[in-house]
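Dear colleague,

Please find the structure we discussed just below, followed by my notes on it. I would be glad if you read the two side by side.

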Amino acid sequence: MELYNELIRETEGLLAGRPFRRWDYEPQQAWEDTGESELVLLRDAAYELGGSGKPAVHFTCVTTSPALVEKDEVLLWGPDLRELKRDSPYARIALLRVGDIESDDGDDTVAYNAIKDMEFVRYHVFPKGYMLRFSAESGREQVRLSKRALRDGISFRQVGYDFICRYRENSNVLAVKLIFITAPEGPYEALAACGRRSTEITRTLCTILDGLPMDCSACHLKPVCDEVEGMRELHFGRSAGEGSRRR
Ligand code: SF4
């Protein structure tokens with residue numbers, strides 16, 4: 001699965017040269033997960049990540065490359081949760097290394113379903129006092145943080161471990177690089193553009209797997225295929241595979 005590799009490189013390029021902190025995964029240090037959604041009322045909130053109309057970016061990329069996602073780790077660009085005093089811009093990027101999720105008979109739906117399963121993880125992580133809110137339309141991921149969680153010492157390191165723990169429940173996931181960004185200077189606009197491209201890649205994959213006819217000259221997905229290495233080969237290869245299966 002190399003479709004997202006260019007996007008991963010671009011994301012890392014956007015963050016290169018900026019100061020950051022990094023922690024290896026320690027599962028026993030993960031922040032408590034309530035196992036179900038928890039309401040943090042406004043009066044109990046310290047602040048919101050992505051609140052007051054500030055950026056709130058999230059996207060997921062999948063790769064099979066150990067060079068791009070070497071091991072389980074959490075990285076943070078910007079202030080940690082206890083260093084923030086008010087609403088802040090925010091981005092969370094999940095880079096997942098997977099095993100061979102393409103099936104032997106060339107059935108790409110296996111790969112697509114594996115990616116969807118991984119994306120669903122974001123809706124099943126419930127760090128205590130860290131209320132996640134999503135907008136499917138805009139792709140925003142906003143967080144309301146409780147005063148109590150701050151008093152109890154919550155940190156991105158521990159919240160990141162909770163996310164990694166949930167991603168790693170999927171046997172296809174071999175390593176997770178989880179990136180948090182709260183630096184006031186961003187670069188949120190460029191990251192949001194990367195997020196839109198990640199969504200486009202996943203949607204294009206979905207449309208191809210739904211059996212889109214192979215006519216690039218009349219296809220509305222051409223801009224994506226022109227840009228994403230491997231997408232066109234995937235569609236053509238899939239059609240050839242279907243042909244050989246039919247024969
Ligand atoms: S390979 Fe061609 S037909 Fe297939 S999705 Fe891309 S542009 Fe469309």
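Ala 183 lies in the loop that runs between strand E8 (173–181) and helix H5 (188–209), where helices (H or I, at least four residues) and strands (E, at least two) are DSSP runs numbered from the N terminus. The model is a predicted one, in which local features need pLDDT of at least 70 and side-chain atom pairs count only at pLDDT 80 or more, while totals for chains, interfaces and linings use all residues. Residues are numbered from 1 along each chain as its sequence is written.

Ala 183 counts as partly exposed because it has 19 C-beta neighbours inside 10 Å; a residue is called buried if 20 or more other C-beta atoms lie within 10 Å of its own, exposed if 12 or fewer, and partly exposed in between, with C-beta atoms placed from the backbone. Leaving aside neighbours within four places in sequence, Ala 183 is in contact with Arg 18, Trp 77 and Gly 78, contact meaning that the C-beta atoms of two residues, placed from the backbone, lie within 7 Å. Arg 18 is 165 residues away from Ala 183 in sequence, yet their C-alpha atoms are 9.6 Å apart in space. The loop between E8 and H5 also holds Pro 187, which is joined to Gly 186 by a cis peptide bond with an omega of about 20°.

Helix H5 itself has 22 residues and reaches 31 Å from its first C-alpha to its last, close to the 32 Å expected at 1.5 Å a residue, the expected span being 1.5 Å times one less than the number of residues. Its buried residues include Tyr 188, Leu 191, Cys 194, Ser 198, Ile 201, Leu 205 and Ile 208. Leu 209, also in H5, is partly exposed because it has 18 C-beta neighbours inside 10 Å, and its C-alpha is separated by 9.7 Å from that of Leu 234, 25 residues apart along the chain. H5 is followed by Gly 211, whose phi is positive, near 95°. Leu 212, in the loop between H5 and helix H6 (222–227), is partly exposed, with 16 other C-beta atoms within 10 Å, and its C-alpha lies 8.7 Å from that of His 235, 23 residues apart along the chain.

How does H5 pack against helix H1, and at what angle? The axes of H1 (residues 5–15) and H5 are 10 Å apart and form an angle of about 170°, where axes are lines fitted to C-alpha atoms, for helices over the stretch in contact, and angles run from 0 to 180 degrees between N-to-C directions. H1 is therefore roughly antiparallel to H5, since angles over 145 degrees count as roughly antiparallel, under 35 as roughly parallel, 65 to 115 as roughly perpendicular and the rest as oblique. On the H1 side, Leu 7, Glu 10, Thr 11 and Leu 14 meet Ala 190, Leu 191, Cys 194, Arg 197 and Ser 198 of H5. By class, this contact has 5 nonpolar, 2 polar and 2 charged residues, with Ala, Val, Leu, Ile, Met, Phe, Trp, Tyr, Cys and Pro counted as nonpolar, Asp, Glu, Lys and Arg as charged, and the others, Gly among them, as polar.

Helix H4 (residues 156–167) has 12 residues, and because 10 of the 12 are buried, H4 is largely enclosed by the rest of the structure. Among those buried are Phe 156, Tyr 161, Phe 163, Ile 164 and Tyr 167. Arg 168, in the loop between H4 and E8, is partly exposed, with 17 other C-beta atoms within 10 Å, and touches Val 173 and Val 176, not counting residues up to four places away in sequence.

Val 176 and Tyr 167 are, with Val 62 and Leu 96, the residues with the most contacts inside the largest nonpolar core, which has 57 residues; such a core is a set of buried Ala, Val, Leu, Ile, Met, Phe, Trp, Tyr and Cys residues joined through C-beta atoms within 7 Å.

For the protein overall, there are 7 helices and 8 strands, and buried residues make up 36% of its 247 residues.

With best regards
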